[in-house]
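Hello,

Here is the structure we talked about. Please open it beside this email and follow along as you read.

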Amino acid sequence: MLPSSWANVPGFQDNVHAWEKQTGHTVTLTPVPDANYDSLVQARLAARNGVDIFAGQDTAKDKAAIMHPATGPWLERLEPGVRKAITSHDGKVWGTPSADGLHASGVIYNKDVFAKAGITTPPATLTDFQSALQKVKNAGVTPLYLSGKDGWTLLQHRNSVNASFVGADQQLVSKLDANQIKWADVPGFNQQYQALADWVGKGLTNDDALTATYESATSALANGKAGAIINGTWALAEITKANPSANLGFFLLPAADGPSTLGLGKPNLLKIATFSKAATQAQDFLNFMIAQPQAQKFMHANPGVSAFTDVKAPSPSRAVADLQQLVDQGGFVVPFDQQSVIPQPQDDIVAAYQELIGKRVDVPAFGELVQKAWQSAGAKATATGF
């Protein structure tokens, strides 16, 4: 069972058919609409029937009850930081990584727009970033395009700043998960969100930031109507689709103080149900899908940054190359949301963002809204300390 958005990715089904041809076995793909995926998988797992391979359920407390630990020769091929990120505290890897590219949140920008505004290098501080946005505005282009109607896009700003927070304090996730610190007391929190409020207040974002959509943001960036967006690198495909010749780059949102940290998402993991009668064949299938020839073929069809040291995107775009360079430098962290044991109160945080960019609350009030949402989420999860 796969989310529908996964099943139709170019190259995926070609590799499935190659394994079927090699082994004589048959793989039945069951695509499920993304919005219904988790609930349907949970129902199948509860019934202990109807699924052999599934995704998700990463926060399940008793993983051994629903999935087998993964094994395969691919473990030694994983980029060391990625291998560490997907290895649980018990030393096991609960799921086989997919061949999909790794993603990160940050600033995706139109290099031609920046160059025409006289910006030749990515800004390294928040002050430099605001200066760059002002130069783009002076050149007659919307500097930073926000798409608040599709609220999930605002969370990519959160992912970007959180990565640097975690990079500066490796214990931050556990502190927040134990309710030992308030969000507004995290070093850099107020500066980051004041910067965002200032960009809106100084007219460095689009006027329709609250009602603009993700599609309008990617289109504006692709066609030189905007200088930058803050989003995940998965957006590169949508931007390129809008304009195949768009000259794109990627850099990390500057930290409030000190160096920025790359938050590199863990690869999607596919699990084998404990009750599967074809567990051995299922693991062989998953291992085949990410063996070097198949993983490289997939990367040809979907250029990105691979989790495997022996797989590279052929002729990557400038933005993908920028991300690859950051990965090669090391020092990245797993995104906050993938480390935290508390289900993230995303809807409430999106609402707080909309209040901030709508100029209806100031930064201290925004911090109170985020903290209230966090307290509620921690209490609902019966986390210790809440």
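Gly203 follows helix 9, and its phi is positive, near 70 degrees. Bear in mind that this is a predicted model.

Helix 9 itself covers residues 189-201, 13 residues in total. From first C-alpha to last it reaches 18 Å, close to the 18 Å expected at 1.5 Å a residue. Its buried residues are Phe189, Gln192, Tyr193, Ala195, Leu196, Trp199 and Val200. Look down the axis of helix 9 and these buried residues fall within an arc of 145 degrees, so they line one face of the helix.

What does that buried set pack against? The helices are helix 6 (126-138), helix 7 (155-168), helix 16 (346-357) and helix 17 (363-380). Two strands also take part: strand 6 (142-144) and strand 7 (226-232).

The structure holds 2 cavities of 30 Å³ or more. Strand 7 gives the most, with 3 residues.

Next, Ser105. You will find Ser105 in strand 5, residues 105-110. Is Ser105 buried or exposed? Ser105 counts as buried, because its relative accessibility is 11% and the cut-off for buried is under 20%. Its side chain makes a polar contact with the side chain of Gln156, at 3.1 Å. Gln156 is also on the list of residues in contact with Ser105, once neighbours within four places in sequence are left aside.

Now to another part of the chain. Helix 13 spans residues 292-301. Buried in helix 13 are Gln294, Ala295, Gln296, Phe298 and Met299. Their cover includes helix 2 (12-23) and helix 12 (279-289).

Asn15 sits in helix 2. Asn15 is buried, with a relative accessible area of 2%. Which backbone atom does its side chain reach? The side chain of Asn15 reaches the backbone oxygen of Gln294, at 3.2 Å. Leaving aside neighbours within four places in sequence, Asn15 is in contact with Phe288, Met289, Gln294, Lys297 and Phe298.

The elements that give two or more residues to the lining are helix 2, strand 4 (96-97) and helix 12. Helix 12 has the largest share, 5 residues.

Zoom in on Ser105 and Gln156 and find the side-chain contact. Then go to Asn15 and trace its side chain to the backbone oxygen of Gln294.

Best wishes

Notes:
Residues are numbered from 1 along each chain as its sequence is written. This is a predicted model: local features need pLDDT of at least 70, side-chain atom pairs count only at pLDDT 80 or more; totals for chains, interfaces and linings use all residues. Side-chain values use heavy atoms; hydrogens and water are left out. Helices (H or I, at least four residues) and strands (E, at least two) are DSSP runs, numbered from the N terminus. The expected span of a helix is 1.5 Å times one less than its number of residues. Buried means under 20% relative accessible area, exposed over 50%, partly exposed in between (1.4 Å probe, protein chains only). The arc is that of the directions from the helix axis to the C-beta atoms. Contact means heavy atoms within 4.5 Å. A polar contact is a pair of N or O atoms within 3.5 Å; within protein, one must be able to donate a hydrogen and the other to accept it, and residues adjacent in sequence count only if both atoms are side-chain atoms. On a 1 Å grid over the protein atoms alone, a cavity is a set of points where a 1.4 Å probe fits but cannot get out, and a pocket is an open set with protein on both sides within 12 Å along at least five of seven lines; lining residues have an atom within 4 Å of a point. Grid points are joined across faces, edges and corners, and a volume is the space filled by probe spheres set on the points.
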